[in-house]
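Here is a short briefing on one model. It covers a pocket, a helix pair and the confidence scores.

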Amino acid sequence: MMGRAGQDAFMPPIADPSLPSCSLPSYPMRSWLFAPGDSEKKMAKAADSAADIVLFDLEDAVATENKPLARALVHAMLASREQGRERLWVRVNPLDGPYTLADLAAVMPARPGGIMLPKASGRGDVERLDHYLSALEVACGIDQGSTPVIVLVTETAQSMFHTGDYKGAPRVVAMSWGSEDLADSIGASANRNPDGSYGFTYELARSLCLLGAASAGVTAIETIEADFRNLDGLRMRAEKVRRDGYRGMLAIHPAQVDVINAAFTPSAEELAHAQMVVDLFAANPGVGTIGHEGGMLDRPHLSRAQQLLRQAGQG
């Protein structure tokens, strides 16, 4: 298994300092590995993996009758791992059900690294979660406002109309999307085309999540690949969405982690090219375009190069 060496080669995007949201984590956010909260063995395996962030799941992975047990197990797992706990997050149940507060009350005393909010209908859900977290942070002796949040922003039909509303939303550091719950929400029988690609509505969800994250100045995280045995397909998909602007991906199996980490880590060649672009413009101050190797480089090329270097900790 690949270790965590080299993970600093791809850091999250730089946040807009004018936004009153939680600070972006200083560690990478390439791979987000789910582990069911009612399985000590699977949580421990995930925590020991090379995943940048581990998501102990209290929602879909846990049957209703097992949720009280899962809360206790997640608390115990967090409490037992003080070192590196900042990368151990918890997916709670959605706010439209009866379980969210019980989830938070159980896990917050153990100081999770962050919270994933599923099935968010819009910014109002984030603000409500912020109130809950603030009260629990004060009660638990945690710095108020210090618990970051990733939001799943396309899991209901209503949420699709609000993906652009998260700029400045409290605590939000990342946004992701989902296709399975969205399909259920709209009554679809499938979310894939016959060739295996996503249907239009789900590609739209992916695009709206990416645009919403860019607007909010937070990290866009691609949704899961359910076929965890198809690592070649995972690699191609991860590389494709990274080119589109995504900066990490959810995972459901430890075997996916190394592939995701590699796909979202810029290569030495990419970094060298970005540095060359920056150096060319630095050597020619005030110009808008520069001829290079038979083509033209303009300011958008410079901006992309600067962003890549910042994300790699070199800018």
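The second largest pocket of this predicted model is lined by 29 residues. Phe34, Asp57, Arg91, Ile224 and Ile252 lie nearest its centre. A pocket is an open set of points on a 1 Å grid over the protein atoms alone, where a 1.4 Å probe fits, with protein on both sides within 12 Å along at least five of seven lines; lining residues have an atom within 4 Å of a point.

**Pocket**
- Its volume, the space filled by probe spheres set on the points, is about 610 Å³.
- Strand E1 (31–36), H1 and helix H5 (180–186) each supply at least two lining residues.
- The lining divides into 14 nonpolar, four polar and 11 charged residues.

**Helix pair**
- The axes (lines fitted to C-alpha atoms over the stretch in contact) of H1 (residues 40–47) and H2 (residues 67–79) come within 10 Å and cross at roughly 35 degrees.
- Glu40, Met43 and Ala44 in H1 meet Leu73, Val74 and Met77 in H2, with contact meaning heavy atoms within 4.5 Å.
- Five of these contact residues are nonpolar, none polar and one charged.

**Confidence**
- The mean pLDDT (confidence per residue, from 0 to 100) is 89, and 90% of the residues score at least 70.
- Residues 1–20 fall below 50.
- Where pLDDT is low, predicted coordinates should not be read in detail.

**Basis**
- Local features need pLDDT of at least 70, side-chain atom pairs count only at pLDDT 80 or more, and totals for chains, interfaces and linings use all residues.
- Residues are numbered from 1 along each chain as its sequence is written, and side-chain values use heavy atoms, without hydrogens and water.

Methods:
Axes are lines fitted to C-alpha atoms, for helices over the stretch in contact, and angles run from 0 to 180 degrees between N-to-C directions. Helices (H or I, at least four residues) and strands (E, at least two) are DSSP runs, numbered from the N terminus. Ala, Val, Leu, Ile, Met, Phe, Trp, Tyr, Cys and Pro count as nonpolar, Asp, Glu, Lys and Arg as charged, and the others, Gly among them, as polar. pLDDT is the predictor's confidence in each residue, from 0 to 100.
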